[in-house]
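Please find below a note on one interface of this assembly and on one residue of interest. The sequence and structure come first.

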Amino acid sequence: MSDKPAHNVAFVRETTLPPSPPPVAETGAIKWMRENLFSSAFNSIMTILGVLAVYQILSLALPWLLNGVWNASSIRDCREILDGATGGCFAVLTERWHQLVFGRYPQDSYWRPTLAFLLMFAAFAPVLFSNLPKKMLIFTGLYPFIAYYLVWGGSVLVPILSLVGFAVGYVVYTRLVDRSFATGFFGGVAAAIAVWYIGGFIINEDSTFLALEQVESRDIGGFMLNLILGVVCLSVSLPLGIVLALGRQSRMPIIKWICVVFIEFIRGVPLITLLFVANVVLAYFLPPGTNFDLILRVMIMITMFAAAYIAEVIRGGLAALPRGQYEAGDSLGLDYSQSMRLIILPQALKISIPGIVNVAVGLFKDTTLVSVISMFDLVGMVRGPILASTDWNGVYWELFGFAALLFFVFCYGISQYSQWLERQLQTDHR
Amino acid sequence: MKKSMLLGALTVAGLAAGAASASTLEDVKARGELNCGVNTGLVGFAAPDANNNWQGFDIDICRAVAAAVLGDPDAVKYVPLTGKTRFTALAAGEIDMLSRNTTWTFSRDVDLKFEFVGVNYYDGQGFIAPRELGVTSAKDLDGATVCIQTGTTTELNLADFFRSNSISYEPVPIETNAEALQQLLAGACDVYTTDASGLAASRATFENPGDWVILPEIISKEPLGPLVRHGDNDWGDIVRWTLNALVAAEELGVTSANVAELSNGTDNPEVNRLLGTEGGLGEMLGLDADWAANALAVTGNYGEIFERHIGENTPIGLARGLNAQWTEGGLLYAPPFR
Amino acid sequence: MTTLTDPPQESFRLSMLLNDTRYRSYTFQFIALICLVGFIGWLVSNAAQNLEDLGQDISYQFLGESSGYDINQRPIAYDSQSTHMRAAIVGVLNTLIVAVLGCVTATILGVVAGVLRLSNNWIVSKLMAVYVEAFRNVPVLIWILIIFFIMTASLPGPSAFRGDDPSASMVLDAFAFTNRGVYVPKPLWLDGSMIVVITFLLSIVAMFAYRRYATKLLFDTGRLLPMFWPSVGILFLPTLIMFFLLGRPIGLEYPELRGFNFQGGIQVRGSLIALWFALAIYTGAFIAENVRAGIQAISKGQTEAAASLGLRPNRIMNLVILPQALRVIIPPLISQYLNLTKNSSLAIAVGYMDVTGTLGGITLNQTGRAIEAILLLMLFYLTISLAISAVMNVYNNAVKLKER
């Protein structure tokens, strides 16, 4: 009966209805919350627990942070000002910031390490960001000498002459490298050593030329020491790590085993034992009467430590290259050093960059261990002179919080860079 | 030396290599600086202040030696050392002398091959406890938790004391004095043990020093003194007699205030020999005639050093006690300058 | 046409050592060997010279002498009359204790955090991200010190438990949280306790046997046996029955405040807790990242393929995703364990007596035998590392994709 379509419809809509807004629960913040916070019973419980945790942390930390005392001369002053209220005693930071950052560096020379620190960004920029002009790399090459001059002071001739040595060595190398890589390399090294030897006499003649006040490396401390150790050791360990990685891949058994033993030994022991070696044992193994700076001994040890780890990262990069690349190099008639320099290493290093950055972050964090062997880095300063002083005995949270924050800012920055770089590198693979 | 500075530039930090001459004195003079190993931070004895100047009782010994040898009390490089690193630093020649409240013991002198040149502070190991614990003697400490600073003789003394009294205890080894104090203040240990002088120095930094008692037992003898390497007796003599000069000066009434005046000559021949107007003692040491006068002008005599850094008018407030002159019932007894 | 002939046999010339690739590698290796031997010889002769100048020698005699110091945490009998050797062994055991505790806790933390970081829940995933970043980017030494100071500053001392109106009280009358550590009840092994323990061990074997049997039955006949409740029953029932039959041979010794300290029970010292937690939380953050990477490495196609076969979500996780993810996760996980063990040497900062604290710390100080002590110390860590690496290699070979 009624299964016939009705032909006598009185009204037919001629325009479409405007779409009605989605239900409240499906839009905006509510939808987002439903999907992201309360999608299931378990999720809701987790959300509530999460919010509670955040509230707990904030309710403890905020009054302490906001109510902090920034101006007092001692912890007793602080307590008096706070008068029982919750609040941090950040005055220790304002009073002792120079020790925390610079250690015992002469106060009127703070501009020197600061300038060196700022220049470091300019020096690293062309290495870190490949789209910058290649000419900037020249400054990167000059930077170590500038930084040495700024931080340690002394006559300007010292860094200049050592730079000249490198330059002469390089020129000799480019002249001779056509004949063979080995000739060029050893010729360059010989030329550089000759220049330094002669340079030694020049410096003996006039050691005050444009001299900045010389600073004992023992006086370098605080966060600056962490930075210097991190940067120097990493830069030196990078080439060393490449050599070790190549050595480990070498077909020559003796060289291979030397590298394997070195790498596995260093990676097998904690850094702290290596620092003990630097501190209490190394002196026995040097010629009688030699006296290394502690900071130099520590640098050598940390560099060896980092080099072993970097070698493993780069070995991974080398292993990841298809065999065809090696064979391609051979079939072009390139010798070992040429095929490594021109074909293998550029690709292997590119793959290894994220791993190297991870090692760098780890290394930078590990520089705090020097506090255990009585060097006054940031942690050493906190545990030593500041907490031992009558004025600030007992201010723990503020000092360690500050130290943690400083490290966090630097390490997080580096790891963010590494992730950015990983994304950059990914685009050309996919 | 300068050539090695250039090498240092290459290795970034500066390799201070140099042919070692046989004599520490020549080394120090050539360097123009005395390398002195000190504590990393013990208020009153050796601690850097807010301006990074080292201050303290042990520091003044370094300054006195530097003044005697080089004529300049500030020509000292202070090398802060922990309990662990101090002996290797000295053995390896990193420092010329160690002035770091170090106990003179047989094994350190004989087995580790060091030469203690004298005693600048007669100390003993004691205990500090909160008053509310109600302990009056260290023998009541059965089962107590005891904080100790590692790397010192105190650990061995402590073990011996509790063992000989057959009472048990729980040691909590802590690396630095500051951290040990924090543990004590928070109640994580019942008592803290270290040299009695250190206890007094630490108590001075507490909020309510009156709430703390130093127990009467002194469980060890701790003659603290500066030391040098075995084998260079000339250098050992210099440090020994600089220390003796400080002690003798107090006995003879020479102070930093009157040393200049007395240096012009006095009626007392021993003062004259001490200050170099008679006898040529300085030359025998290989130093200037006015070596002791230089030292005394800078630091004052032993009594002045004591009063300035750890005496009763300082926050540390130590009495002279055993460290008084022998004429006053103490143990300080400088051999004659003759 | 030229005919291909062998190059004329040249007689060996000296320049071939450098220019002929056949011989050059021998030259290089020879030079390297000479340099190495020379370098080591130089070091050894320096050491000999220095030691002679100082009148010292290299000797391990000191290991047999009595140590003279006490150690608070003693897994084996030890007192101040024991030898330095025994002190070193106590230290080794303490290192292993904190390493094992740390690894277990770090794994739990890391897996939970890694999985939760991938959660849909915005707050939870962000919280986990904050945890991972905060702990990964701050040196572990700072964390150890911070946790140590939190412990001492925020927990009450034993004296707070004393008196008629104590300001602190024990949790459940069995656990005491003090700033000297946590005191927990200690199991007392009475007569017959061994039988209960053996029963329990047998139950574990029986449970696995049952599960194997059930799986085999499922594969062979398709019949599905219940899994969970029977397993639980097999695991606990026999042990409980035995426990009550033998008249409760395993008791608990509760800690109790006597004198200055809590006595009885097991004391987990503050230094151990600080080290354990700091290492676990720090390493856990790294493990979380490994776990996340491992799970993300499995392509979405795997999940979809499994779903299209009709598997339920938890079975997809157990049978498809996890076995593949573990292959990615486990190698870095083991190297994290290795890092944790090596980082445990920072015990020295909080006075936990591990091997760095005994052998490399007090023994070194008291005897002055720096070279000997540090050599031994390195040897110990090296042994542990190589052992763990060996285990890792065995595992890697076992799970390697069998490619044709």
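This is a predicted model: local features need pLDDT of at least 70, side-chain atom pairs count only at pLDDT 80 or more; totals for chains, interfaces and linings use all residues.

1. Extent of the interface. Chain B contributes 34 residues to the contact, and chain C contributes 39 residues. The area buried between the two chains is about 2900 Å². Carbon and sulfur atoms give 50% of this area.

2. Two salt bridges are counted between chain B and chain C. Asp190(B) pairs with Arg180(C) in a salt bridge, and their closest N and O atoms lie 2.4 Å apart.

3. Elements on the chain B side. At least two residues each of the side of chain B that touches chain C are supplied by β9 (144-149), α6 (154-164), β10 (169-174) and α7 (177-185) of chain B. The largest share, five residues, is that of β10(B). Sorted by class, this side of chain B holds 15 nonpolar, eight polar and eleven charged residues.

4. Gln149(B). Is this residue of chain B buried or exposed? Gln149(B) has a relative accessible area of 17% and is therefore buried, the cut-off being under 20%. Gln149(B) is placed in strand β9 of chain B.

5. Surroundings of Gln149(B). With neighbours within four places in sequence left aside, Gln149(B) is in contact with Thr154(B), Glu155(B), Ile174(B), Glu175(B), Thr176(B), Asn177(B), Tyr192(B) and Thr194(B).

Notes. Residues are numbered from 1 along each chain as its sequence is written. Chains are lettered from A and ligands numbered from 1 in the order in which they are written. Side-chain values use heavy atoms; hydrogens and water are left out. Contact means heavy atoms within 4.5 Å. Buried area is the accessible area (1.4 Å probe) that two parts lose on being put together, summed over both. A salt bridge is a side-chain nitrogen of Lys or Arg within 4 Å of a carboxyl oxygen of Asp or Glu. Helices (H or I, at least four residues) and strands (E, at least two) are DSSP runs, numbered from the N terminus. Ala, Val, Leu, Ile, Met, Phe, Trp, Tyr, Cys and Pro count as nonpolar, Asp, Glu, Lys and Arg as charged, and the others, Gly among them, as polar. Buried means under 20% relative accessible area, exposed over 50%, partly exposed in between (1.4 Å probe, protein chains only).
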